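This report describes the salt bridges, a surface patch and a pocket of one protein model. The sequence and the structure are shown first.

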Amino acid sequence: MQTLLELLRRCAESHSFETGDPENRTVLDQLFCAYQDSHETDPPEIKDGFKELDAYLRQLSLEDNNAGWNLCCRLCTAYERKA
C-alpha cells in the first residue's frame, strides 16, 4: 500500500496541468487550494494570535511591519502545506 501511495504522490507532483495560475501547477497544488477555500474560519485561538501579532506589528515601521507579516504568512503557509 505504501508503494502505491508513494507512486501516486510522485505522479501527482510531476504531472502538471494548465490552470492559468502559476501557483497551482500540479494536482496537489490544486487540491491544497481547494482545501484552503473550503476550510472553516479560524478558531478563536488563531484569531486572538493574529490580533496580538497585529498589535505588535503596529509599533514597527511600515517596512518592518510588512516584513514581519510576510514572514508569518510564509511560515503559516509552509506549515499548512506540510500538514
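A residue is called buried under 20% relative accessible area, exposed over 50%, and partly exposed in between (1.4 Å probe, protein chains only). The model is a predicted one, in which local features need pLDDT of at least 70 and side-chain atom pairs count only at pLDDT 80 or more, while totals for chains, interfaces and linings use all residues. Residues are numbered from 1 along each chain as its sequence is written, and side-chain values use heavy atoms, with hydrogens and water left out.

**Surface patch**

Valine 27 belongs to helix α2; helices are DSSP runs (H or I, at least four residues), numbered from the N terminus. With a relative accessible area of 36%, valine 27 is partly exposed. Together with Leu28 and Leu31, Val27 forms a nonpolar patch on the surface, and the accessible area of the three is about 240 Å². Such a patch takes residues with over 30% relative accessible area and no salt bridge, nonpolar side chains (Val, Leu, Ile, Met, Phe, Trp, Tyr) being joined within 5 Å.

**Salt bridges**

A salt bridge is a side-chain nitrogen of Lys or Arg within 4 Å of a carboxyl oxygen of Asp or Glu. The whole structure holds three salt bridges.

| Salt bridge | N to O distance |
|---|---|
| Arginine 9 and glutamate 6 | 2.5 Å |
| Arginine 10 and glutamate 6 | 3.4 Å |
| Aspartate 54 and arginine 58 | 2.6 Å |

Arginine 58 is exposed, at 62% relative accessibility, whereas aspartate 54 is partly exposed, at 29%. Why are arginine 9 and glutamate 6 separated by about one helical turn? They are separated by about one helical turn because they stand three residues apart in helix α1 (residues 2-14). Arginine 10 and glutamate 6 are four residues apart in helix α1, again about one turn. Glutamate 6 is partly exposed, with a relative accessible area of 27%.

**Largest pocket**

A pocket is an open set of points on a 1 Å grid where a 1.4 Å probe fits, with protein on both sides within 12 Å along at least five of seven lines; lining residues have an atom within 4 Å of a point. Its lining consists of 15 residues, and His39, Asp42, Ile46, Cys76 and Glu80 lie nearest its centre. Two or more lining residues come from each of α2 (27-38), α3 (44-57) and α4 (62-82). Helix α4 gives the most, with five residues.

Technical notes: Patch = residues over 30% accessible without salt bridge, like charges linked within 9 Å, V, L, I, M, F, W, Y side chains within 5 Å. Areas by Shrake-Rupley, 256 points an atom, 1.4 Å probe, with all protein chains shown as cover.
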